[in-house]
Amino acid sequence: MYLLLSGTLKPKSSLLITRRTKQSQRLWFFFFFFWQCSSLFCKLGVHEKEEITMAMEDLNDYTIIKEGEAEILMHAKNEVFYNKTQVNNRDISIAVLRSFVSKRKQEHEAVLSKRASATKVSEKNAFESAAEEAPNESVVTDEKSNGETEGPEEISQDEPCGDSEEFVKTTERRVQGKLKPPRVLEALSASGLRSLRYAREVEGLGQVVALDNDKGSLSMYHMMYQMLFLIVSSSVEACRRNIKFNGSVACSKVESHLADARVYMLTHPKEFDVVDLDPYGSPSVFLDSAVQSVVDGGMLMCTATDMAVLCGGNGEVCYSKYGSYPLRGKYCHEMALRILLACIESHANRYKRYIVPVLSVQMDFYVRVFVRVYTSASAMKSTPLKLSYVYQCTGCDSFHLQPVGRTASNKNNSVRYLPGFGPAVPQVCSDCGKKFNMGGPIWSAPIHDQEWVTSILADMHSMKDRYPAYDRISAVLTTISEVCLIFLLFFAFSCLTNHIFTKWMINN
Ligand SMILES: C[S@@+](CC[C@H](N)C(=O)[O-])C[C@H]1O[C@@H](n2cnc3c(N)ncnc32)[C@H](O)[C@@H]1O
Ligand SMILES: [Zn+2]
């Protein structure tokens, strides 16, 4: 207080005031400068703004990375995700996507021809019965008595039906309109490399939407630029730059958005024929919205890189993320795939949907599954039949599966769904006398579709040059196609070793 009132402070405070005035002058100058810049930029179109941005940056700071048909620009200081080894992941996804496009077309044509022949038969029957019963009446029309035109039969979602029947019905529902090119959502896109490859390399694909929410670490220049124009994160910025860099096909097909993938997928229900999830670590937080964003009969592609968690390194974390306990058996990688599939199924079931796995692979440091998603409250009742708990002996390699559900038939031959019989094992192992650990539930139904695997492989062989990771991918797919597909866990392992042994015996 004394100091404040004493004269000794006066010269200091006047100095302070002068400094403040200078500071505020500087601030005003900066403000004026940016205001002028912003009005200059605003007078230009978006296109020109981007050109200027590119021009202002030193192009020497960029490296061009080519993978397949796509090229991306990587800034020296850029922290947008790019992992070279993920070429295997992108290649196999392209192979599956190519098969999906052609399968979807075949399914559409099959339903159209089925419908055409059904119409012919019903028209013929109607004509014959009309001729027999009322030869003098006017020709039977398609008009209902209330004047409504009869369209394709409306399908109740609760009708009891098997998988294949449901598949036909789902496809029929889709066939009501003209088949549009499939739309793809890459929910976690980073640089956009995958989306660009999809757009440029997969024929017959429609729009590809690439999302990312990365705010990244930005340079001062980028921050100011983004603040001025309310622009987008560094990943999205990089993605948009890459779209432009890849020419007209990419520009017309790929669009990039700054968005939280979960929000975007939730607000776009049943809109995408393919949803691709490729996160850092676990996909668990994205699954609930992803299963809702796929159209009926569409495909969900999903990577999980948290292998330590899925393979039993941290059982509690796995349970909290995936709702399943992993076991550290010899089959742990296969179990990781089956845990992921069970988790996707459980999210799908919440929306009366269910999955049909097409291909499930364990490669490098991750697992990746490709599943089709359908809607049917009745088919969903079969889910417990496709899930099992695993009892693993703590003393030896023996293990047993305990199905979660079973079926029984009623007197009228209809099917009842019941809890599985248990326990599947005695208190102690009959081989070694030790106790069992219980893991799961896991997906215990097939994890691949043999027909798909064969056609993906054939397709890959016919265009070897178009897959940078051809050798690796074809080896993985060949192993899957040759190994006994229906066997579970360790059986698959022993089956594989037998298979390799037999081959070795033949060759020697
Ligand atoms: C592993 S990278 C994707 C790599 C890319 N799919 C590829 O093949 O090159 C994961 C990306 O997900 C983004 N991401 C993480 N959480 C997200 C969220 N909630 N919404 C949107 N993007 C997210 C990250 O910013 C990161 O760029
Ligand atoms: Zn034992």
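Axes are lines fitted to C-alpha atoms, for helices over the stretch in contact, and angles run from 0 to 180 degrees between N-to-C directions.

This is a predicted model, in which local features need pLDDT of at least 70, side-chain atom pairs count only at pLDDT 80 or more, and totals for chains, interfaces and linings use all residues. Residues are numbered from 1 along each chain as its sequence is written, while chains are lettered from A and ligands numbered from 1 in the order in which they are written.

Next, select the seven strands that form an open sheet in the order 5-4-3-6-7-9-8, with mixed pairing. Two strands pair if DSSP finds at least two bridges between them. Strand 5 (254–258) and strand 8 stand at the edges with a single partner strand each, so one side of each has no neighbour in the sheet. From one strand to the next, the twist averages 15°.

**The hairpin**

Turn to strand 8 (residues 353–363) and strand 9 (residues 366–375), which pair in the antiparallel sense over ten bridges. They form a hairpin with two residues between them, and Asp 364 in the turn has a positive phi of about 45°. Within the pair, Pro 357 has Val 371 of strand 9 as its bridge partner. Eight of the eleven residues of strand 8 are buried (20 or more other C-beta atoms, placed from the backbone, within 10 Å of a residue's own), so the strand is largely enclosed by the rest of the structure.

**Helix 6 and ligand 1**

Now select ligand 1, which 20 residues surround (C-beta atom, placed from the backbone, within 6 Å of it). The closest are Leu 188, Ala 190, Asp 214, Ala 261 and Asp 278. Helix 6 (193–201), strand 4 (208–212) and helix 10 (261–266) each give two or more residues to this shell. Eight of the nine residues of helix 6 are buried, so the helix is largely enclosed by the rest of the structure; Leu 193 and Tyr 198 are among them.

**A separate stop**

Finally, select strand 10 (residues 387–393) and strand 14, which pair in the antiparallel sense over six bridges. Ser 388 has Ile 442 in strand 14 as its bridge partner.

Conventions. Helix = DSSP H or I, 4+ residues; strand = E, 2+ residues; numbered from the N terminus. Buried ≥ 20, exposed ≤ 12 C-beta atoms within 10 Å, placed from the backbone.
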